[in-house]
Amino acid sequence: MKEERAAAGVAASDSPRGARPDGRVLPRRGILIYNPTAGQRDLRARMSALIDRLRPRGIELVNAPTSGPGDATAIVKSFVARGIDVVAVCGGDGTISEAACGLADSGVPLAILPGGTSNVLAVELGIPLDPDRAGELLVDGTVRPVRIAHADGRPFLLWAGAGLDARVMGSMNLQLKRWFGRTGIFVTAADQFFRYEFPRLEVRVDGVAHEATFVVVCRASHYAGDWVIAPGASLTAETFDVMLFSHRDHRKLYRLFRSMADGRAAHLDEGLGRIVRGREVSVRSLEDYPVEVEVDGDCVLRTPVTCRVGAEIVHFLVPRKD
C-alpha cells in the first residue's frame with residue numbers, strides 16, 4: 001500500500017505533457033527511436049510503415065535510428081530541448097532504458113514498441129509485445145510514472161546483476177544474437193556457465209552484509225523475458241528486491257535458472273535463491289579481482305558498485321484499465 005500511495009503521489013504531482021484529466025495522452029509531434037538491428041530482423045521498413053500509418057491520425061514522428069551505444073539518450077535529449085510531445089522507442093531493454101534516461105523529469109511520455117529479444121520492460125508494464133499493437137498506445141495510452149534507479153551514477157530501470165549474467169552479456173556475440181535470438185544467447189550463456197568460478201561477493205542491503213556468488217538487484221519481477229526472478233519487485237517501489245544465490249554448485253545454478261524459467265519463482269521455495277529487500281544495495285568482490293556488473297542487460301560496470309532508487313521520473317504510455 002505504501003508503494004501504491006507513493007506512485008499515486010508521483011502521478012498527481014508530475015503529470016506529463018499533453019495529459020488530459022482522464023490520464024489519456026494524444027501527442028502530436030515526436031520522434032521514433034529504434035535500434036535497426038535489435039531482435040532478429042531489420043526494423044527500418046517496419047518503422048517507416050508505422051510512421052506512415054500514424055500520420056493520418058495526427059501524430060507526426062521523426063525517424064531516428066540509433067547507430068551505437070548511448071545514441072538513444074543523446075537523441076532524446078536533443079529533441080526534448082527543441083520541444084516535443086512524445087518519444088516512441090522500438091528496440092530491446094537496453095535501447096529503451098537509454099531513451100528513458102534521456103527523458104528523466106522532462107514530462108514527455110515514452111511509448112515502448114517492443115523490438116528486442118527479451119522485452120522485459122514491456123512485460124512488466126503490460127504492453128503488447130507486437131510493435132504494431134503497442135503503437136496504438138500513442139493514440140489511446142495512459143501514463144504510468146516510474147522512478148529511475150542508479151548504479152554508481154549509471155541510470156537503470158530493471159536490474160543490476162553481478163556475476164554470471166554480466167559475464168554472458170559482456171561476452172555476447174551480437175551477430176549470433178541477431179541471427180538466432182534466444183538460441184544465440186544460449187550459446188554464450190552455456191560457455192560462460194561452465195566457466196563460472198562462483199566469485200565470493202559481499203552484498204550489503206541497507207548496511208546488513210550477506211554472502212553471495214551471484215546477485216541481481218531487482219526492480220522488475222521478470223528476467224530474461226517472462227522468467228520470474230523476484231515476484232514482489234515493482235517498478236513503482238522505492239526499494240529493491242535483491243536476489244541472492246550463495247551456492248558454489250553448477251547443478252544448483254542450473255536449477256536456479258530452470259526454476260525462474262518455469263515462471264513460478266520455485267527457486268525461492270527450494271532455497272536456491274532468496275530475496276532481501278532494501279533501499280540501498282552495495283556489492284563488492286571478496287576475490288583479488290573485480291566482478292562484472294550489468295545494468296538493464298548491458299555489461300558496463302565492475303564491483304564495487306552501489307545501487308539506489310533516484311527521484312527522477314519517467315512517464316511510460318501503457319494500456320488503459322477500463
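## Ring and side-chain contacts in a predicted model

Arginine 82 lies over the face of phenylalanine 79, at a distance of 4.3 Å from the ring centre. This arrangement, like everything described below, is taken from a predicted model.

Because phenylalanine 214 belongs to strand β10 (residues 214–218) while phenylalanine 257 belongs to helix α11 (residues 250–261), the pair ties together parts that are 43 residues apart in sequence. Phenylalanine 214 and phenylalanine 257 are both buried, and they take part in one aromatic cluster together with Trp159, Tyr223 and Trp227.

Another place to look at with care is glutamate 202, which is found in strand β8 (residues 201–205). Is glutamate 202 buried or exposed? Its relative accessibility is 17%, and because buried means under 20%, glutamate 202 counts as buried. The side chain of glutamate 202 makes polar contacts with the side chains of two arginines, arginine 204 and arginine 284, and the table gives the distance for each.

| Side chain | Partner side chain | Polar contact distance |
|---|---|---|
| Glutamate 202 | Arginine 204 | 3.4 Å |
| Glutamate 202 | Arginine 284 | 2.8 Å |

When residues up to four places away in sequence are not counted, glutamate 202 touches Ala209, His210, Ser282, Val283, Arg284 and Leu286.

Terms used:
Residues numbered from 1 in each chain as written. Predicted model: local features only at pLDDT ≥ 70, side-chain atom pairs only at ≥ 80, totals over all residues. Heavy atoms only, no water. Helix = DSSP H or I, 4+ residues; strand = E, 2+ residues; numbered from the N terminus. Buried < 20%, exposed > 50% of the residue type's maximum accessible area, 1.4 Å probe, protein only. Polar contact = N/O pair within 3.5 Å; in protein donor to acceptor, adjacent residues only side chain to side chain. Contact = heavy atoms within 4.5 Å. Phe/Tyr/Trp six-rings, centres within 6.5 Å; stacked < 30°, edge-to-face > 60°. Lys NZ or Arg CZ within 6 Å of the ring centre and 35° of its normal.
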